[in-house]
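Please open the model and keep it in view while you read. These are short notes from a colleague, one topic at a time.

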Amino acid sequence: MLRQRIITAAWLAPVTLIGLFGLQGGAFALFTACVVLLGAWEWTNLAGVQGRMARLKLVALTALFMAALWAGGAAFATWPLWLAALGWAVNLYWVSRYPYKREQWQGQATRLAMGLWALLPCWVGFNVLRESGAVWLLFVLLLVWCADIGAYFAGRRFGRRKLAPRVSPGKSWEGVYGALAATFVLAVGFALWQPMGVSGGVILVLMTALVTFVSVLGDLFESMLKRFRDIKDSSNLLPGHGGVLDRIDSLTAAIPLFALLFIEVLSARVAAL
């Protein structure tokens, strides 16, 4: 498994970096759309859709939604990001109440709708951040990676109090604190690097803390759906790594929220300096 994991990472990492930072405009949107559509394929499994053809039709429908967003200019709009913020507030309620409120979302149609409000705004957020400058896309990616690393090591060393034992027994509150500590250092470093001023740096630190919490929620949300379906990985598309969703679950929550906060709160501050 470790050998397969290394082999997959060896080709996946450069392809991802080239796609995210070497492409712009329509080419970038197409690249990220392909990633999102792979996630949509896996989401049909989380929703319990049976049959390859039925799943392909649902992925094609997702692609049509994305094409409509692009054609209507909404691929760079803020309203899908506001919908994402509302959707993740609902997801927080469901994760915190699992399994007691699962009757509210366990229907197949509802779980498919969950996928739309998780994946489509994530794609929009990617586009918004790339249009705003590659540095902010880099920041939110580093934020999620630092949160994962901080949570892993703090959880292993200090983890005592369970975060959501019915959803993901391995996660602890100490891991969350480790994630917050790691992303705090990242935010301070970025605030010193970018000409943001003191107030801009404080805003970035506060934004980072909120997005860190939400990135943890993205991970828990997919874990909840996998636990409900009694599956370990969302697919075998990435040998040794589980599925695509296993790699981007935190991003589905972090990207749209950070993009929204950046546009509504931070961009004016950055532009004024």
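This is a predicted model: local features need pLDDT of at least 70, side-chain atom pairs count only at pLDDT 80 or more; totals for chains, interfaces and linings use all residues.

1. Look at helix H4 (residues 79-96) and helix H5 (residues 108-132). Their axes come within 9 Å and cross at roughly 135°. Angles over 145 degrees would count as roughly antiparallel, and 65 to 115 as roughly perpendicular, so this pair is classed as oblique. The crossing of H4 with H5 is left-handed.

2. Which residues meet where H4 contacts H5? From H4 come Pro80, Leu81, Ala84, Gly87, Trp88, Asn91 and Trp94. From H5 come Met114, Trp117, Ala118, Pro121, Val124, Gly125 and Val128. Sorted by type, the contact has eleven nonpolar residues, three polar and no charged. An α-helix has 3.6 residues a turn, so residues three or four places apart point the same way. Check the numbering in the contact list with that in mind.

3. Move on to helix H7 (residues 173-193). H7 has 21 residues and reaches 30 Å from first C-alpha to last, close to the 30 Å expected. Its buried residues include Glu174, Val176, Leu180, Leu186 and Phe190. What do the buried residues of H7 pack against? Their partners are helix H6 (134-158), strand E1 (162-164), strand E2 (168-172) and helix H8 (197-229).

4. Finish with Gly189, which lies in H7. Is Gly189 buried or partly exposed? Its relative accessible area is 37%, so Gly189 is partly exposed. Arg102 is 87 residues away from Gly189 along the chain, and their C-alpha atoms are separated by 41 Å.

Methods:
Residues are numbered from 1 along each chain as its sequence is written. Side-chain values use heavy atoms; hydrogens and water are left out. Axes are lines fitted to C-alpha atoms, for helices over the stretch in contact, and angles run from 0 to 180 degrees between N-to-C directions. Helices (H or I, at least four residues) and strands (E, at least two) are DSSP runs, numbered from the N terminus. Angles under 35 degrees count as roughly parallel, over 145 as roughly antiparallel, 65 to 115 as roughly perpendicular and the rest as oblique. A crossing is left-handed if the near helix is turned anticlockwise from the far one by less than a right angle, and right-handed if clockwise. Contact means heavy atoms within 4.5 Å. Ala, Val, Leu, Ile, Met, Phe, Trp, Tyr, Cys and Pro count as nonpolar, Asp, Glu, Lys and Arg as charged, and the others, Gly among them, as polar. The expected span of a helix is 1.5 Å times one less than its number of residues. Buried means under 20% relative accessible area, exposed over 50%, partly exposed in between (1.4 Å probe, protein chains only).
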